[in-house]
Amino acid sequence: MSNIMTTFTELLDEYLQHDDSEFTPELVQLYKENKDGLKYKFDIVFVSCESDQERFDELFKSMPWKTVPFAGALLLQHEELGENNTETSTDQLNGKYVALYFSAHWCPPCKRFTPKLGEIYKEVKDEVKDKLEIVFVSCDEDEEEFKHYFKEMPWKAVPFADRQLSRTLGEKFEVEGIPSLIVLSPSGEVINSDGVAEVSASGKQAVRKWAEGKRLFWSRDAKEGEHVWQDISCSNCFMSPILGSRHGCTHRECDVDLCSTCLAQNKHEHPLVEYLIPGKHYSLEELCQSVPHLLDPNSEETLETKTLWQDGVKAVGFYFSAHWCPPCRQFTPKLGEIYKQAQEDSKNFRIVFVSSDRDEESFNEYRKTMPWSAVPLNSGSLLKAYFHCSGIPSLIILSSDGKLLTRRGRDDVSSKGVEAL
């Protein structure tokens, strides 16, 4: 650290004798070479002396560190009682924590999240207005959509015309998906890049934390043998990610996850189950422990879950699919015909449907088109989490003792037909 600091000091001394165009590239190179060693110990913040926004943006693009917002740049503020927007200086952000809200009118998850964030912000605005500002950074492609979308927001925005600043902010803070909330300190340091997840987890409590320069989520180093549940936070203590065992509710309308410490304080209305650790080997019986029964494909009767792997069955396919998904509706009839052909020759392979449908009506309508049994709608969450099943349709094949044979069952069926089964 001392050698790095000495080099930086020498560079700063040289700056007195060179112009900025020579100094900045040299500083950038040195910073990149030593970034990992400097992390958590030292950082650079660009404080511009430019009087022109475009020149500021152009210079900042070449810098791998943070910046204080351009002095004199303008933001928009929507007038709640009218249709117009007023312009305000970024100077109003000075000394405050700033949450940059990257979002777009065309994005369905954004359109669901924005009203929730808006209501929360309105409720706490009087408490936090002197400490925290939210600024909308648009990812819209059309100014009319931007204007329409911004009318829903009770905070400030980067003008749509300033596309370069919006792009620069997105690149600097490595925004890969939207909606995204990046919370910055008054000096431009990132306090929190999980703003959307924190608001979803606790609402007003998260925004109040940001106004204090703190984040809601916390964590610790994982102990030997502890599983790390990436992107999963404890609903009670907000450990994120959860380490060790994870317990949750299988009901679709519930969004409850607890760490082992908070399990003893559980007061949830439904029984909680322990999630299976992805990658760990389990028997089919253990994998299906949260499945109370199976639904018969030809009647309203239920089947014992153990029938899935009994009577000489050598392999089981878990078919993750949904009625609302067009690729699923295209693939399911093909899989059904191939499965019927395979059953004529041998009964030692089974498929079970694990639904991602959103309601019982769609689920029941869809499963009636399938010649195999189904897991009840509220009983598949542990299987989805265990198999990391994020894309559908997906057909994952296991042997009768629970060993993974392939995750590419859909591709195999599409290319090889009945031979794959």
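Hello everyone, and thanks for coming. This is a predicted model, so local features need pLDDT of at least 70 and side-chain atom pairs count only at pLDDT 80 or more, while totals for chains, interfaces and linings use all residues. Residues are numbered from 1 along each chain as its sequence is written, and side-chain values use heavy atoms, with hydrogens and water left out.

Let's start with L287. Leaving aside neighbours within four places in sequence, L287 is in contact with L276, Y282, L383, Y386, F387 and L398. L287 also belongs to the largest nonpolar core, which has 45 residues. By nonpolar core I mean a set of buried Ala, Val, Leu, Ile, Met, Phe, Trp, Tyr and Cys residues joined through side-chain atoms within 4.5 Å. Buried is under 20% relative accessible area, exposed is over 50%, and partly exposed is in between, with a 1.4 Å probe and protein chains only. Among the residues with the most contacts inside this core are F318, Y319, F320 and F387. Elements that each supply at least two residues include α10 (284-287), α12 and α13 (381-387). Those labels are DSSP runs numbered from the N terminus: helices are H or I with at least four residues, strands are E with at least two. A second, separate core of 34 residues includes L76, A99, C110 and V128.

Now to α12, residues 360-367. Which of its residues are buried? They are S362, F363, Y366 and R367. These four sit on the same side of α12 because they cover an arc of only 120° around the axis, where the arc is that of the directions from the helix axis to the C-beta atoms. Their cover includes α11 (326-345) and β18 (349-355). At the N-terminal end, D359 caps the helix, with a side-chain oxygen 3.2 Å from the backbone nitrogen of E361.

On to strands, which count as paired if DSSP finds at least two bridges between them. In β5, residues 97-103, six of the seven residues are buried. Seven bridges join β5 to β6 (residues 132-138), and the two run parallel. Two bridges join β12 (residues 246-248) to β14, and H247 stands opposite E274.

C237 counts as partly exposed, at 23% relative accessibility. The sulfur of C262 is 3.7 Å from that of C259, its closest cysteine sulfur, which is too far for a bond. C262 is buried, at 4% relative accessibility.

Last, some backbone details. The peptide bond from I178 to P179 is cis, with omega near 5°, and P179 lies in the loop between α6 (163-172) and β8 (180-184). Another cis bond joins S240 and P241, with omega about 0°. P241 is in the loop between β10 (228-229) and β11 (242-243), and D231 lies in the loop between β10 and β11 too. D231 is not a glycine, yet its phi is positive, near 70°. At 75% relative accessibility, D231 counts as exposed.

Conventions: Contact means heavy atoms within 4.5 Å. A polar contact is a pair of N or O atoms within 3.5 Å; within protein, one must be able to donate a hydrogen and the other to accept it, and residues adjacent in sequence count only if both atoms are side-chain atoms. A disulfide is a pair of cysteine sulfur atoms within 2.5 Å.
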